[in-house]
Number of protein chains: 2
Amino acid sequence: MLSSFFTPASIAVVGAADDPKKFRGKLFKLAVDSAFQGPVHPVHPKAETVQGQRAYPNLAAIPGGAELVLIATPGDTVPGVIRDAVASGAKAAVILSSGVDMAELEAAIGDSGLRYMGPNCEGYIGLDGPAGTFAAVAEAYLSKQRPAPRPGRKVSIVSQSGGLGFALFGRGLKENLDFHAVVTTGNEGDLECLDFVEHLVEEGETGVIVMFIEGLKTPARFAEVASKAANKGVPIVVMKVGRSEAGQRAAVSHTAHLTGADTAYDAMFERYGIIRVFDQEQMLSTAAALARFPHRRVRKACVISTSGGAGAWAADLCGSAGIDVPVLSTALQQDLSEWVPDFGSTANPVDVTANAVEAGGTPLVRVLERLQGSDEVDAFIVNIGLHSPGRIEKLADLLGPVFAGATKPILFTSHILPIDENMAALADLGGQGFHSYTACAAALSGIDRYAAFLERWQAREPETPAGAAKLPHLKPGVLDEADPRALIDAYRIPVPPTARAADRDSAARDAAAMGFPVVLKIQSPDIAHKTEAGGVRLGVGAGEVEAAFDEIIANAKAYDPAARIEGVLIQKMMPKGHELVIGVIRDADFGPLVMLGAGGIYLEVLKDVVFAPPPISVDEAKRLILSLKTAPILGGVRGQKPADIDALAGLVSRVADLARTETKIEQIDFNPVFVYEAGQGVVAVDALAVAVDPDAAPAVHH
Amino acid sequence: MLSSFFTPASIAVVGAADDPKKFRGKLFKLAVDSAFQGPVHPVHPKAETVQGQRAYPNLAAIPGGAELVLIATPGDTVPGVIRDAVASGAKAAVILSSGVDMAELEAAIGDSGLRYMGPNCEGYIGLDGPAGTFAAVAEAYLSKQRPAPRPGRKVSIVSQSGGLGFALFGRGLKENLDFHAVVTTGNEGDLECLDFVEHLVEEGETGVIVMFIEGLKTPARFAEVASKAANKGVPIVVMKVGRSEAGQRAAVSHTAHLTGADTAYDAMFERYGIIRVFDQEQMLSTAAALARFPHRRVRKACVISTSGGAGAWAADLCGSAGIDVPVLSTALQQDLSEWVPDFGSTANPVDVTANAVEAGGTPLVRVLERLQGSDEVDAFIVNIGLHSPGRIEKLADLLGPVFAGATKPILFTSHILPIDENMAALADLGGQGFHSYTACAAALSGIDRYAAFLERWQAREPETPAGAAKLPHLKPGVLDEADPRALIDAYRIPVPPTARAADRDSAARDAAAMGFPVVLKIQSPDIAHKTEAGGVRLGVGAGEVEAAFDEIIANAKAYDPAARIEGVLIQKMMPKGHELVIGVIRDADFGPLVMLGAGGIYLEVLKDVVFAPPPISVDEAKRLILSLKTAPILGGVRGQKPADIDALAGLVSRVADLARTETKIEQIDFNPVFVYEAGQGVVAVDALAVAVDPDAAPAVHH
């Protein structure tokens, strides 16, 4: 359906003007100058020609009409233009104008099926198709000779912000990314970012998608679109604003996009392998690496440098990014020493010294070839001076075959400011140059993250749909003891042994059966505040149960002589284990999310908490657990035995099942959950659940 | 003394050659082309002239000799050249050669007082003086018209790595930094980085120093040199490699510099306000900001943007860097609305819209002027498109006065890739352009960190020298109970009430006086393993002391009938408080460091530990405490009362005093230290101390 934007039969530009320096003239000129080969008709109320081409007074006057209409007239004219577009059979429109009355616009479209981009967007450019924009960067791109096709996959940008979408395009061109399309969606009155991502993924020409978003218009569609991208192995690199309160404020005031709960976005991005970035360089470097190199795990890198200091710096930044720079084996170092002089180093970083390049480049290339064939490293950062004109051109005959035969990423960088010529020459050969060690480390980390995700994605268990609610009749409000018990039974939540006793003897018997110490709590539908009523006794030991029972009953009767006393609840006091918290929240954007956090004060002090959408397999639950900052504690420190991570993962997985099945549960907290040592299980010591009528109550916005 | 490098009377170049494309020819040519106005003599064994200038066969032949000698002849000739240099009265040399026999070199220098840079360095360039280098970046710099002087302070680079030193120079020139000198020290056979930092600080032409180091040659000199820089308000921005194991390995193999314990460097950098950076962009952006803008606190920033999306992105990165982007007051927003159209925003980020610049720039400048006069923000990030030629030139008349009158930093940036012309034009006006939001945030954070340091530095208490050891006769080894007691008394370490009792009645009396429960431990010089001997009883309550006393004595006698029993030690079991660890280590580079960490497993799992050199004032100790990741716990969470941070800070300060005074103490650990609620003090529950003979034992390398 969105093919009308990328491969239309014909285009009309409403508001086309003669002066290509003014934005309406520019819009027409860029459409004409674009790679689109079909007819581009100017529409102008009076002019006979626009920029030398025959103009039409309106869309109806165009013989055969136009499939795609670009609109840059004042906002109040847009509904009229759209009515004309519909009448003349147009299928798609790009509304660059702002100040459009949305109700009138929708009325004009009616049930015609016309789809539009915008309003208040900067439009788009398909690098193998039409341009529907007046962006300066697109103008600059189209005014130049188009580069020859280069090895590697192509990148498409999808951005809610027009300014940033095209700014990233310009920065990416400078970094020698090869693009397929740049789309800016503005106010998303109709089509939203996800529509274009979906189209580009299905179309098959895009290898990497870069997104800038303030918040998704239809978060509910995210999982489906992201799954399609994952199935096709198309990584998505996202900058989403709203991590800070000021960023959220700016997004809302900018395009009225709600940024949503940032943690919920993080959870969804993590689940679907979306690589979230925070910086322009990180974004473009990650995209470049994912487009240029194979998707493979990168755990160990080799740094090869003509400058010892630079090699050390690059190695440090790999370390910070979690990528190991291991000492090479003696045998491998022995082999490398054939090409590395004595005053260099073969250890890793490999200091090939300036000779390696100045002597024609053979030593550098031999070192690379030898290491490509070794399984000791997964990727390379090659630091040479890229400031001299002709440096890469002179190495081209040697480097070309290395890049062509490479199964492992080879990233080039330069301590001395590199010149554009050398960076472009690298890309022409199928390589990629990066401007900094930070960029290299981000790129390697991005490759690894995506490859790890693909492994998980391809190995994942088939997702079964959520079953019917096991507890369809939950009453809204905080659940009383009967309802959580039903939940606990239905989802096998391990809780402390619990019994209800109507008399002192059975209380003593029950307590003895579960083991001491125990807790006794009065059971009465008429006593809400049990502690205040003297109806709770903690730490009751063997031989103390009968007296405690009598005391509680007496206290309750004294507190409220009219109260109906149903007996006493007896619960075993559990020994302390590792303390965690498991919960369920409902995010306004993405629905139920399972929360897992460090217990006690560490959750809030360290913000040691992760979220994930259900379903959560046991394997996925283990990954979640291990992603906690305090996870090493569960692994066993200071000679402690490891904790029962299997049991904890099982519980997380079942809570996730609960979260997606029991749609009436608005919120649930198991806090604390005690995790015992391996084999000893877990226990949810306390539970709080709140039910709503999902048809009646709106979800809470976090 | 180092003035011979920067303002010599005359220079000789030994090894000067005709061809300026070869490195010896280049060395001579750059010395001639440099800003140095005095004579530069080529020394060549045979040639009559070099590059058209009269050559001398050796240094002795130069009438009047040369104050500074640049040497690029093969390593084995260097000692001979140095002998000639000494004989002819030279005061300084730059040894660019590698492969020099250091013993021969030292013999050649003897007691002449000649000082040298290198060997195996790329030399240096003084931008207002001589060049002693063949670095390509220096050549490119000297081949161009020198820029006119610009407002702001100058930057000097001091680097152990020649490649990186000049690479950073080249990258800095591109970022419009104004430089005073670039020095690369290579193997530091004589002069080291700190010597040049000290000289540049004292000379007074340098406003910011940028260092690249692998490790300091003489760490003991660091504090003195860094203090001089702090006294003059000259910030030092450092990249030190060795954070990762691979980085350390590379540094050692590169120039044989030991990188030292990275945490010790962090502690020293923190104490002396050195800004440690990890990335080239962060380094140069921080240096640019410190050179261009006043040293002032930056807690709150205002983001002004012509693109809403870009404003949100910049705001998010400020948030990540700990800089607030507050909503402006209603009154201020009212004022700004005069220049901000309705479809923009005055909230902060201030979306001035593209009109603000395209309409001549007046709205942008008025907004800046109004905000400069407000105390609601401390600094500005201004994002406009800097891609159009002439953009800043057209705004120059408006922006110049704003920059000239600015008391608060104004950082310019651009979502669209900026062109060099606009970035240079900003610097010419006294502004500064940055390539990314990350760079802006790093720059603001650097300004704030340095200003905060200067405040502390200038307000600090005068440092008193360490007094004489209070315990001069400590025996080497693990200290037994008598010695820690002496230490504990001398430095007022709060420990649990403790008593020694020879009989059961006094044991009971002592225990009753300190309060229950207590611990009883057998006291015998012949029983090393007290627990094994049944000589320890924990948790002894009221009325149980006599029996426990008897039992311990009996156990001990049964265990070793010959043992001399001196009685029983009684110690109060302290109630649990917040658990921390305080210790002292001796770093091989920097000497004693005080360690403060989270207690228990959190120290290792969260790496929640900080180090600082003594002395540590109580205020400084509070800063240390608050820099712990788990510090919020001490502030009181979940309704807990705040902990006694005053008492803890006092203890840290006294331990620091112990660390610098008792030089025989190699290591001491108070673990755990319980911190009670405010007013209730702290107690060191357990202490371990190790003494050495400082004259006999080498310090341990961590």
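Two residues are taken to be in contact if their C-beta atoms, placed from the backbone, lie within 7 Å. The structure described here is a predicted model. With that criterion, the buried residues of helix 2 of chain A pack against strand 1 (11-14), strand 2 (40-43), strand 3 (49-50), strand 5 (68-71), strand 9 (131-132) and helix 5 (136-143) of chain A. Helix 2 of chain A spans residues 23-33 and is mostly covered, 9 of its 11 residues being buried. The buried positions are R24(A), G25(A), K26(A), L27(A), F28(A), K29(A), L30(A), A31(A) and V32(A).

At the level of domains, chain A is divided into domain 1 (1-116), domain 2 (147-292), domain 3 (295-459), domain 4 (497-572) and domain 5 (578-691). A distance of 31 Å separates the C-alpha centres of domain 4 and domain 5 of chain A. P497(A) is located in the loop between helix 19 (482-490) and strand 21 (498-501) of chain A. With 15 other C-beta atoms within 10 Å, P497(A) is partly exposed. When neighbours within four places in sequence are left aside, P497(A) is in contact with M514(A) and K572(A). The C-alpha atom of P497(A) is also 9.0 Å from that of M574(A), although these two residues are 77 residues apart along the chain.

A helix pair in chain A was examined next. The axes of helix 12 (residues 308-320) and helix 18 (residues 437-459) of chain A come within 9 Å and cross at roughly 40°. The two helices of chain A, helix 12 and helix 18, are therefore oblique to each other, and helix 12 of chain A passes helix 18 of chain A in a right-handed crossing. On the side of helix 12 of chain A, the residues that meet helix 18 of chain A are W313(A), A314(A), L317(A), C318(A) and S320(A). Their counterparts in helix 18 of chain A are Y437(A), T438(A), C440(A), A441(A) and L444(A). By class, this contact has 8 nonpolar, 2 polar and no charged residues.

The contact between the two chains takes 65 residues from chain B and 65 residues from chain A. On the side of chain B that touches chain A, two or more residues are given by each of helix 5 (136-142), helix 6 (162-174), helix 9 (245-255), helix 11 (280-292), helix 12 (308-320), helix 22 (601-605) and helix 24 (631-635) of chain B. Helix 12 of chain B supplies the largest share of this side, 11 residues. The residues of chain B that touch chain A divide into 29 nonpolar, 24 polar and 12 charged.

Terms used. Residues are numbered from 1 along each chain as its sequence is written. Chains are lettered from A and ligands numbered from 1 in the order in which they are written. This is a predicted model: local features need pLDDT of at least 70, side-chain atom pairs count only at pLDDT 80 or more; totals for chains, interfaces and linings use all residues. Axes are lines fitted to C-alpha atoms, for helices over the stretch in contact, and angles run from 0 to 180 degrees between N-to-C directions. Helices (H or I, at least four residues) and strands (E, at least two) are DSSP runs, numbered from the N terminus. Angles under 35 degrees count as roughly parallel, over 145 as roughly antiparallel, 65 to 115 as roughly perpendicular and the rest as oblique. A crossing is left-handed if the near helix is turned anticlockwise from the far one by less than a right angle, and right-handed if clockwise. Ala, Val, Leu, Ile, Met, Phe, Trp, Tyr, Cys and Pro count as nonpolar, Asp, Glu, Lys and Arg as charged, and the others, Gly among them, as polar. Domain bounds come from an automatic or database domain assignment. A residue is buried if 20 or more other C-beta atoms lie within 10 Å of its own, exposed if 12 or fewer, and partly exposed in between; C-beta atoms are placed from the backbone.
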